[in-house]
Structures are given as C-alpha cells and as structure tokens.
Amino acid sequence: LERRHYGMAISFVLVVLIPILVSAYYLYAKAEDQYASYVGFSVRSESAPSPADMLGGLGSLVGVTSSSTSDTDILFKFIQSRDLVERVNARLDLRAIWSKAPGDPIFSYRGDASLEDLVAEWERKVRIYYDTGMIDLRVLAFDPLDAQNIAKAIMEEGGLLINQLNDIAREDALRYSRDELERAQERLRQARQAVTEFRNRYQLVDPVADVQGQIGVVTSLQQQLAEQLVSLGLLRANAQPNDPRISQTELRIEVIREQIEAERQKFGSNSTEAALSDVVGQYEILAVDRQFAETSYTAALASYETARAEAVRQSRYLAAYIRPTLAQAAEFPQRAKLLLMISLFLSLLWIIGSLIFYSLRDRR
C-alpha cells in the first residue's frame, strides 16, 4: 500500500463513514417521532338547467357567466398561501405545535416569531398532492392529535373559502338576473305604452278587426251604389223623364256616395288601400315589439327565479373522500430510507472526488 491508498481510506472514513454514523446516531437517538394525518377532498358543484334555456334563442339574453379557473385550482393555491397559514395559526398556535421536540434541531421548528419562518415550516410539514381535481394532504406533527387538528383546520378553512366563492358567484348571478329582469320590464312597459298610444291616436282597439269592419261597410255601400246605378239606368230607359222615381234614385245614389266618402275619410285618406296599409303596418310593428318584449320578460323572470332558488341552496361544497385521519403509529422520519439516501449520496460524492483526484494525478 502506498501513501495515496492510506489517504483514500482516511478520506472514505471522514467523508462517508463518520457522517453516516453521525446521521444514524441523530436519526435513531435524537430525531423525534412524527405522526402523519391524511386528508383528501375535492370541490363538488351542482347546477340546475335554467328555464330560460327552454325558451329557445332567448336563453342567451339571460346566460350564466362562467370562470376559466376551477375552484379546485383556487383551493390548491390557497392551501399553500400565507393567508391560510395565518388563519390556522390563529386557531391552533402552530409554533407551539411544531416546537414540541426541543431536542430535535432539524425536524423541530427553528424559526422565530415571524410569519415568514412559519410559512417555511408549513411547506416542510404540510405536503399537498393535486391530481385530476382531487387534493390530498399529508400533515406532520409530533403529536397525532395535533396533526389531525391541523388537517381539520385546513379542511374547514377550505370549506369557508368555497362558501365565499359560492356566495360571490350566486350574488353575481342574482344581480345579473335582476338587472335583466328590470330591463325586460322596462322594455315591456314601453312596448305596451306604445300600443296604448297608437290605440288612443287612431281610436282603435284592434286595428285589424276594425279595418276589416270598415272595409265590409264600404264594400256593402259600393254594392248598394252599383244596384242603384243599375236601377237608375233602367228607369231612364223605360220611364218618363219627369218620373219621380228617377229623382228619388238619383238622391239615393248621391247619399250612398257621400256615405262612402265619409267612410273613407275615417281612414284619414281618400285612398283606402294606402291608409289601411299604413295603419295596419304600424300596428303590426308595435305588436311584434310587444310580443318580443313579453317573451323576453318571461325568459328574464324565469332566469331570476332560478337564480333566486339557487341562492337559497349551496351549489358548491367541499366533499371529503378521506376524512382527517388520526395516526396510531409514527411514520416519520423514515429513518432507514433517510440513512440509505445519505449513504448513497456520500458514497457517490466520495467516488466522484476520488476519480477527480486520480484524474489530476495522472495528468501530472
């Protein structure tokens, strides 16, 4: 054996064996047992179909807003936030819980009274796993009941957050539906007022029925006028010029013509077709506007009732598929696993250092 061989052996003892022995002594003699509490939950959402969807295309008038970020994503970020650490600490005093092993300088809480140090310890003691909308937590503490209490507090605070998001969403939907209902009511009021003003202006309740009645009167008078003209022609052909029946027939014809003219004057024009098309056209426009306003009001009222019904029940809630567990035995620290990892890391470090040493030696 040469000097370098003794040097390699001494370096192996200093770099590998002694740290492994120190680590083993610490893990098995000083490290305190830690208990894990597990909890798993997801955010469940319920939504009922809106009655407005049954009214065809008008459902878009009272559509429901949606968010691009899921509630589970928000909850995932919230569990890792400083806000949650502060809330749970106010409930349970996390510093006292994680400082129950004063003889354990590594796994015990080593920070001061600042919240930043507590957040750093939170990241060590609370592990979160997120997969396909489900959140799993592992909480460590030196007492199994403390670990369970922290897990319960996290779940309760998460439920409060979901309730707040639910309240905000419901209030937004209710306010939106209420605004749509008020606009629909105003639109319907204006449409009905326009119809009323039209009827007062033309003194017509139903212009279509009234126009048809007026047309019937004019048509009947025109038929009578035609009959009287035929009778006058026959009298002039067969009777004496001074026959009183001729003057009576002429008088009847004049009266019928005046009556026809009077009936036409009721339409505001000497042209019956132009007056009728104008009146009926205006009424049809107003009738279509009123029908659309009534349908919109029905859809808005249905949406508002749905939103109000949703407001009295919880549409989002925290569903736990694993309730906070109470540990029966300490799982952490995983001494054998940690010691094996330390041994492999130190051995790898010594091997790399040895290779570097021989590489430099050979180059000289």
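Is T132 buried or exposed? In this predicted model, T132 has a relative accessible area of 65% and is therefore exposed, since the cut-off for that class is over 50%.

Figure 1. When contacts between residues at least 6 apart in sequence are considered, 82% of them join residues at least 24 apart.

**Figure 2. The open sheet of 4 strands.** The strands stand in the order β2-β3-β1-β4 and their pairing is antiparallel. Because β2 (126–131) and β4 (316–322) are at the edges and each has a single partner strand, one side of each is left without a neighbour in the sheet. On average, and with direction ignored, neighbouring strands are turned by 25 degrees against each other. Helix α6, which spans residues 144–202, packs on this sheet and touches β1 (35–45), β2, β3 and β4, while the direction of α6 makes about 155 degrees with that of β4.

**Figure 3. Strand β3 and the strands paired with it.** Strand β3 covers residues 134–141 and pairs with β2 in the antiparallel sense over 6 bridges, whereas 8 bridges join β3 to β1, again with the two strands running antiparallel. In the pairing of these strands, the residue L137 of β3 has V39 standing opposite, and I128 likewise stands opposite L137. Further bridge partners in β3 include I135 for Y130 and D136 for Y129. Of the 8 residues of β3, 6 are buried, so this strand is largely enclosed by the rest of the structure.

**Figure 4. The hairpin turn between β2 and β3.** The two strands form a hairpin with 2 residues between them, and T132 lies in the loop that connects β2 and β3. Most residues other than glycine have a negative phi. T132, although it is not a glycine, has a positive phi of about 50 degrees. As the opening question brought out, T132 is an exposed residue.

Figure 5. D93 lies in the loop between α3 (82–92) and α4 (94–97), and the phi of D93 is near 60 degrees, which is a positive value in a residue other than glycine. With a relative accessible area of 38%, D93 is partly exposed. Elsewhere in the chain, a cis peptide bond joins F332 and P333, with omega at about -5 degrees, and P333 is found in the loop between β4 and α10. Most peptide bonds, by contrast, are trans.

Figure 6. The structure holds 6 aromatic pairs, and one of them is formed by F12 and W350, whose rings are edge-to-face at 5.0 Å centre to centre, with 75 degrees between the planes. Since F12 lies in helix α1 (residues 3–30) and W350 in helix α10 (residues 335–363), the pair ties together parts that are 338 residues apart in sequence. F12 counts as partly exposed at 28% relative accessibility, and W350 counts as partly exposed at 21%. Another edge-to-face pair is formed by F357 and Y358, with 5.4 Å centre to centre and 75 degrees between the planes. In this second pair, F357 is partly exposed with a relative accessible area of 36%, and Y358 is partly exposed with 27%.

**Figure 7. Confidence along the chain.** The mean pLDDT of the chain is 82, and 86% of the residues reach 70 or more. Over residues 50–68, however, pLDDT stays under 50, and for this stretch the model has 23 contacts beyond four places in sequence. The pLDDT is also below 50 over residues 270–274, a stretch that has 5 contacts in the model beyond near neighbours in sequence.

Note on methods:
Residues are numbered from 1 along each chain as its sequence is written. This is a predicted model: local features need pLDDT of at least 70, side-chain atom pairs count only at pLDDT 80 or more; totals for chains, interfaces and linings use all residues. Side-chain values use heavy atoms; hydrogens and water are left out. Two strands pair if DSSP finds at least two bridges between them. Axes are lines fitted to C-alpha atoms, for helices over the stretch in contact, and angles run from 0 to 180 degrees between N-to-C directions. Contact means heavy atoms within 4.5 Å. Buried means under 20% relative accessible area, exposed over 50%, partly exposed in between (1.4 Å probe, protein chains only). Rings of Phe, Tyr and Trp (its six-membered ring) pair if their centres lie within 6.5 Å; planes under 30 degrees apart count as stacked, over 60 as edge-to-face and the rest as tilted. pLDDT is the predictor's confidence in each residue, from 0 to 100.
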